[in-house]
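This report sets out selected features of a two-chain model.

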Amino acid sequence: MAAHTPAASRRRWGSTAAGVLVLGVMLFPLYWMLNTALQPESGLLQVDPVPGSLDLSGFSKAFGDQGGHLLTSLLVSFGAVAICLAVSAPAAYGLARFGLRGSRTIVFGTLITQMVPGIVIANALYNSYVDLGLVNSYFGLMLADASLGIPFSIVLMRSFMVSIPGEVIEAAEIDGAGPVRVFLRVVLPMSRNSLITSGLFAFLFSWSDFMFALTLNTTDDVKPITLGIYQYIGAHVGDWGAVMAASVLSAVPAAILLVLAQKYIAAGITGGSVK
Amino acid sequence: MTTSTVTAPAPAKTSGKGAAPDPARQRLRRRLAQWGFVAPAVVFMLLFFGYPLVRNIVMSFQHYTPKTFFTGEAPFNGADNWSSVFQDALFGKALWHTLVFTAGSLLGQFCIGLALAVFFNRRFPLGGVLRSLILLPWLVPMVVSGIVWRRILDQDTGVLNTFLDTLGLGGQTPWLTSPDMALLSVILVNIWIGIPFNMVILYGGLQEIPKELYEAASLDGASGWRTFRSVTLPMLKPVITVVLVLGFMSTVKILDLILALTDGGPADATQTLGTLTYQNSFVELDFGAGAVVGNVLILISAVFAVFYLRANRTEGK
């Protein structure tokens, strides 16, 4: 390897420098979000490149105004994840293992759902939700948000479950375990990673959802943080500090997940798209 | 791929000759239990994807007014919605904006994403950490990104104009407030959002290319650019197709970002089919007109999907 020569080593650190620069440009807007949040007194004026002092009043205002919406987002997202996994994990197993008639059509249909624009779904869904009394309800929004993750989760988990060796499952069946038991005791524990990845993405999809929140709610009863911030800028044009502080708070789960679950996220992005 | 070719299980009757009907019934029960695994998901997807598709077609022939939600009456009105939407100049504008927005976004996201993927494909200290941190913009809710950019692009006090001013490059650009600039600004922001996704998938594709191919190319004395064109790009083609198709599907229907940045304005300069559907249905409560625009949006996606499937088939996979 020629990598140990000083010239090669310098070139590699040069790449690192270039990489840091690229990252700086890409993350600048997020830095600016944090920076603006820490300068609540700047209002509609120009924002300094770095906060002069640590002024957290924007954050406390954002917490006061938007804290409830953060909780709503959390609740709705956890509900959506639960529904998503409960529906898609058994389906992924069924499609991977049972060789049912029409399995391929179902998998194909799952892929096709990605094509349907969300606003079109909302258009029809709103009318059914009105009839069913699901408008302005937590459960209605959870169901709609779960639909964002279900196709993805089915595709991802199925591609994993296909690779579970048949002998393992047959051994359990010989021991007298029924299909449900095999699924719960053998398949799910073995699919832990793909289950986590699916759950993570279902959470992110639901947490980021704006369209269903906007269209399936007509009152302030169920208002996730995305909708809260959107309406915030309408009402608080001059108070960018608080708006940005709320934005920072809404970005926190993404940041935490990226740090703690980087491996799963990378696996999800490539696994879910390149089936 | 479109038709199901899974072979049916052998008919139960031939196997159980003179035996009791037990095995056949047992097999039936087994099948039913197996369908029990799949059925909830199928029902869910039919309700949340299949049904809206059908309902939108029906709705596009119905007359909705704000009163509809009190009276429940939405009488059929033939092709009235269709003709009024198509005669509205805004529809043509929105269609054009959608195409420009999608093409511009994809071009920018893809080129920069590919460049970054190639860049990070080299080995250098901290490369992995930097690469994973770049994902952050993609994980932040899109409305939130839009709102942050709205502040950055503010004409008078936004940091971008301040920065350009310091460099002596003007600095009075009305990014979001001029009808001539707004669409371009929205595209630029969407490129920023899409770069991480493109980069990660293309990077994954680059990692799959066997190193021997590069060694062979360098033995043949191929230049870097030549290697890229005759080794990297052809090997990457399936991944490129996936990235572009997924990118198209998610870009053509975008709503969040545009609402957060411009609300479709100024003077409808950033109105797309997505925002127009929203505006027709949920602002003006004319769900019939919204359904028409939504159907056009689906049609565009479907045409694209057919092209994609056909391209995939001719590739002979």
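## A buried cysteine in chain A

A:Cys84 belongs to helix α2 (residues 57–97) of chain A; helices are DSSP runs of H or I with at least four residues, strands are runs of E with at least two, and both are numbered from the N terminus. With 31 other C-beta atoms within 10 Å, A:Cys84 is buried. A residue is termed buried if 20 or more other C-beta atoms lie within 10 Å of its own, exposed if 12 or fewer, and partly exposed in between, with C-beta atoms placed from the backbone.

Setting aside neighbours within four places in sequence, A:Cys84 is in contact with A:Ala146, A:Gly149, A:Ile150, A:Ser153 and A:Ala202. Contact here requires C-beta atoms, placed from the backbone, to lie within 7 Å. A:Cys84 and A:Leu204 are 120 residues apart along the chain, and their C-alpha atoms are separated by 12 Å.

## Basis of the model

The model is predicted: local features need pLDDT of at least 70 and side-chain atom pairs count only at pLDDT 80 or more, while totals for chains, interfaces and linings use all residues. Residues are numbered from 1 along each chain as its sequence is written, and chains are lettered from A and ligands numbered from 1 in the order in which they are written.

## Loop residues

A:Ile164 is located in the loop between α5 and α6 (166–174) of chain A. It is partly exposed, with 16 C-beta neighbours inside 10 Å. Apart from residues up to four places away in sequence, A:Ile164 touches A:Ile169, A:Val187 and A:Met190. The C-alpha atoms of A:Ile164 and A:Met190 are 7.9 Å apart, and the two residues are 26 residues apart in sequence.

Most residues other than glycine have a negative phi. A:Asn136, in the loop between α4 (118–132) and α5 (138–161) of chain A, has a positive phi of about 60 degrees although it is not a glycine. B:Asp263, in the loop between α13 (256–261) and α14 (273–283) of chain B, likewise has a positive phi, near 55 degrees. A:Asn136 is partly exposed, with 16 other C-beta atoms within 10 Å, and B:Asp263 is partly exposed with 14 C-beta neighbours inside 10 Å.

## Helix packing in chain B

The axes of helix α5 (residues 89–121) of chain B and helix α10 (residues 182–208) of chain B come within 6 Å and cross at roughly 40 degrees; axes are lines fitted to C-alpha atoms, for helices over the stretch in contact, and angles run from 0 to 180 degrees between N-to-C directions. α5(B) is therefore oblique to α10(B) (under 35 degrees is roughly parallel, over 145 roughly antiparallel, 65 to 115 roughly perpendicular, and the rest oblique).

By class, this contact of α5(B) with α10(B) has 18 nonpolar, 10 polar and no charged residues. Ala, Val, Leu, Ile, Met, Phe, Trp, Tyr, Cys and Pro count as nonpolar, Asp, Glu, Lys and Arg as charged, and the others, Gly among them, as polar.

## Contact between the chains

The contact takes 83 residues from chain A and 79 residues from chain B. Helix α1 (residues 6–37) of chain A gives the most to the side of chain A that touches chain B, with 15 residues. That side of chain A divides into 53 nonpolar, 27 polar and three charged residues.

## Annotated spans

The unreviewed UniProt entry for chain A lists "transmembrane region" for residues including 12–34 and 240–261; such annotations may be inferred rather than shown by experiment. Residues 12–34 of chain A are 100% helix and 0% strand, with end C-alpha atoms 31 Å apart.

Notes: Contact = placed C-beta atoms within 7 Å.
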